Amino acid sequence: MEKGLPQDKAAPLMDKLVFEKIKQGLGGRVRLMLSGAAPLPRHVEEFLRVTSCSALSQGYGLTESCGGCLTSIANIFPMMGTVGVPITTIEARLESVPEMGYDALSDVPRGEICLRGTTLFSGYHKREDLTKDVLVDGWFHTGDIGEWQANGAMKIIDRKKNIFKLSQGEYVAVENIESKYLQCPLITSIWVYGNSFESFLVAVVVPERQALENWAVNRNLTDDFKSLCENLKARKYILDELNSTGQKHQLRGFEILKAVYLEPNPFDMERDLITPTFKLKRPQLLKYYKDHIDKLYNEAKETRV
């Protein structure tokens, strides 16, 4: 398939000897599979394309677009990991989002996906204010950040608004969740993170120094504050207290944190992590803490196993 052969001609002998069993497990008559709602991890898409004896396409659409508006072409293997090209009723373009560092005119165009076409909605019912926010000069601003590939396909890479979808399809309003966790007296700041390739949330937390040191004294620990933040028992203590607070405020199961990293230093403007009005700069936070986030996900998955 990487050499350009269609799925049914790429390895017919392997299909007959090995992958026919998977085809029969899917009913035996499957010819095409479609995926939407949230991005498929690349390794999952590749596995299904190779083993299912059928073509697989990812698509992209919204309620406001009345269904699909981009789709990958089934037997074009280089489109793997993308949502493909616009369908015939839709025009698509990217609009720069400078505050997030996305430039639609760069060598690799990145920006907010805007759509125009005959299948789009005309507006939100009795909400002219919301309609004016998203429909500008005939273009619907989706809030999703895309990246044009060299072959003309679109890849979803981010979300402009602070609402995202987990891998199981659940939407997460992250600011609302953070406001509830902030009612835990053991912390001073929190940044909650999740993405469409994972099924749960993790967080970077700035603990309340005196509260954590009091906890340490009660357990005869003499570590300094920085060392306490690295202590596994301290991390579990903060995580349990946060989730207890979350449950009191009726957070749902997928909104409960599975792992936290304790940051001894407050989020600050010197590291470009907050604005002058103390709002979190989420893209900058992800860039700064990416290694810790990856480690948190690995730890949480190992704990589950």
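Reader: Which glutamate does the side chain of arginine 282 meet in a salt bridge?

Author: A salt bridge here is a side-chain nitrogen of Lys or Arg within 4 Å of a carboxyl oxygen of Asp or Glu. In this predicted model, arginine 282 has such a partner at 2.8 Å, N to O. That partner is glutamate 178.

Reader: Thanks! What should I keep in mind about the numbering and the model?

Author: Residues are numbered from 1 along each chain as its sequence is written, and side-chain values use heavy atoms, with hydrogens and water left out. The model is predicted, so local features need pLDDT of at least 70 and side-chain atom pairs count only at pLDDT 80 or more, while totals for chains, interfaces and linings use all residues.

Reader: How many residues apart in sequence are the parts that arginine 282 and glutamate 178 tie together?

Author: Helices (H or I, at least four residues) and strands (E, at least two) are DSSP runs, numbered from the N terminus. Arginine 282 belongs to helix 9 (residues 282–304), and glutamate 178 to helix 5 (residues 174–181). The pair therefore ties together parts whose separation in sequence is 104 residues.

Reader: Are arginine 282 and glutamate 178 buried or exposed?

Author: The test is relative accessible area: buried is under 20%, exposed is over 50%, and partly exposed is in between (1.4 Å probe, protein chains only). By that test, both arginine 282 and glutamate 178 are buried.

Reader: Which strand holds the arginine that pairs with glutamate 147?

Author: Glutamate 147 forms a salt bridge with arginine 110, and their closest N and O atoms are 2.6 Å apart. Glutamate 147 sits in strand 8 (residues 139–148), so the bridge links parts 37 residues apart in sequence. Arginine 110 lies in strand 6 (residues 110–117).

Reader: Which residues are linked with Asp268 in a network of salt bridges?

Author: The side chains of arginine 271 and aspartate 268 meet in a salt bridge at 3.1 Å, N to O. The network that includes Asp268 also links Glu263 and Arg271.

Reader: How many salt bridges are counted between domain 1 and domain 2?

Author: An automatic or database domain assignment divides the protein into domain 1 (7–159) and domain 2 (163–303). Their C-alpha centres lie 32 Å apart. The rule gives 16 salt bridges as its count, but between domain 1 and domain 2 the count is 0.
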